[in-house]
Amino acid sequence: MRRYFILMLIVVAGFLFVNFNIADNNIPQEEVKTEKPQYHVPDDVQQIIDNSCYGCHNSESKNEKGKKKLQFDKMSDLKTYKQVGSLADIADVVTEGDMPPEKFLKKYPERQLSKEEQEKLVSWANNLAKQLTPED
Ligand code: HEC
């Protein structure tokens, strides 16, 4: 009788051990699943921004109006809904050809967005805005 008892204990202990291990293994997977999408700029998009937008739209910009409207270097600090709002604005102004400003382009024609750059910037902004928008 006593031997059975000990055997049972070993079986139960073994069962618990296995269970805990399975539970442990599950934790990282849950984390991956629930991880929130983050503000992210791929290198090729960052290059376009650096060339045509960043000079006016950063937290140290001398262009006070531009700085007030948008700061690319502070985007990741913003609340998600503000990031989404800024991304929508970026897609809008770039689609409309409103940015960079005309006056600026007269002085620096090489900062003009090519068709390809324009499309890349807009699709980045739209896709990221979509990813950052909660589904419910
Ligand atoms: C020469 C400086 C300059 C450059 C370069 C520039 N901007 Fe702007 N941007 C401004 C200014 C100034 C404003 C504010 C305009 C206003 O208030 O009428 C502005 C406003 C904006 C806004 C806000 C629009 C709104 O309706 O609120 C967005 C978005 C924006 N810029 C995106 C961009 C992007 C994207 C680029 C690069 C493709 C860019 N800007 C390049 C100066 C600049």
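Predicted model: local features only at pLDDT ≥ 70, side-chain atom pairs only at ≥ 80, totals over all residues.
**Exercise 1. Describe how helix H2 packs against helix H6.**

Solution. 
- Locate the helices. H2 covers residues 43-52 and H6 covers residues 115-132.
- Take the geometry. The angle is about 115 degrees, and the axes are 10 Å apart.
- Assign the hand. H2 passes H6 in a left-handed crossing.
- List the contact. H2 supplies Asp44, Val45, Ile48 and Ile49. H6 supplies Glu117, Lys120, Leu121 and Trp124.
- Sort these residues. Five are nonpolar, three are charged and none is polar.

**Exercise 2. Characterise the largest pocket and its lining.**

Solution. 
- Start with volume. The largest pocket has about 670 Å³.
- Find the residues at its centre. The lining has 26 residues, and the closest to the centre are His57, Gly66, Lys69, Met99 and Pro101.
- H2, helix H3 (64-69), helix H4 (80-96) and helix H5 (102-107) each give two or more residues.
- Pick the top contributor. H4 gives the most, with five residues.
- Sort the lining by class. It holds 13 nonpolar, seven polar and six charged residues.

**Exercise 3. Classify the aromatic pair of Tyr39 and Trp124, and say which parts it ties together.**

Solution. 
- Check the distance. The ring centres lie 6.1 Å apart, and the cut-off is 6.5 Å.
- Check the planes. The angle between them is 75 degrees. Planes over 60 degrees apart count as edge-to-face, so Tyr39 and Trp124 form an edge-to-face pair.
- Tyr39 sits in the loop between helix H1 (2-34) and H2, and Trp124 sits in H6, so the pair links parts 85 residues apart in sequence.
- Revisit the packing. Trp124 is also one of the H6 residues in the contact with H2.
- Complete the count. The model has two aromatic pairs.

**Exercise 4. Is the peptide bond from Met99 to Pro100 cis or trans, and where does Pro100 lie?**

Solution. 
- Read omega. It is near -10 degrees, and the bond is cis.
- Locate the proline. Pro100 lies in the loop between H4 and H5.
- Met99 is among the lining residues closest to the pocket centre.

Technical notes. Residues numbered from 1 in each chain as written. Heavy atoms only, no water. Axes fitted to C-alpha atoms, helices over the stretch in contact; angles between N-to-C directions. Helix = DSSP H or I, 4+ residues; strand = E, 2+ residues; numbered from the N terminus. Left-handed = near helix turned anticlockwise from the far one by under 90°. Contact = heavy atoms within 4.5 Å. Nonpolar A, V, L, I, M, F, W, Y, C, P; charged D, E, K, R; others polar. 1 Å grid on protein atoms, 1.4 Å probe; cavity = no way out; pocket = protein on both sides within 12 Å on 5 of 7 lines; lining within 4 Å. Points joined across faces, edges and corners; volume = space filled by probe spheres on them. Phe/Tyr/Trp six-rings, centres within 6.5 Å; stacked < 30°, edge-to-face > 60°.
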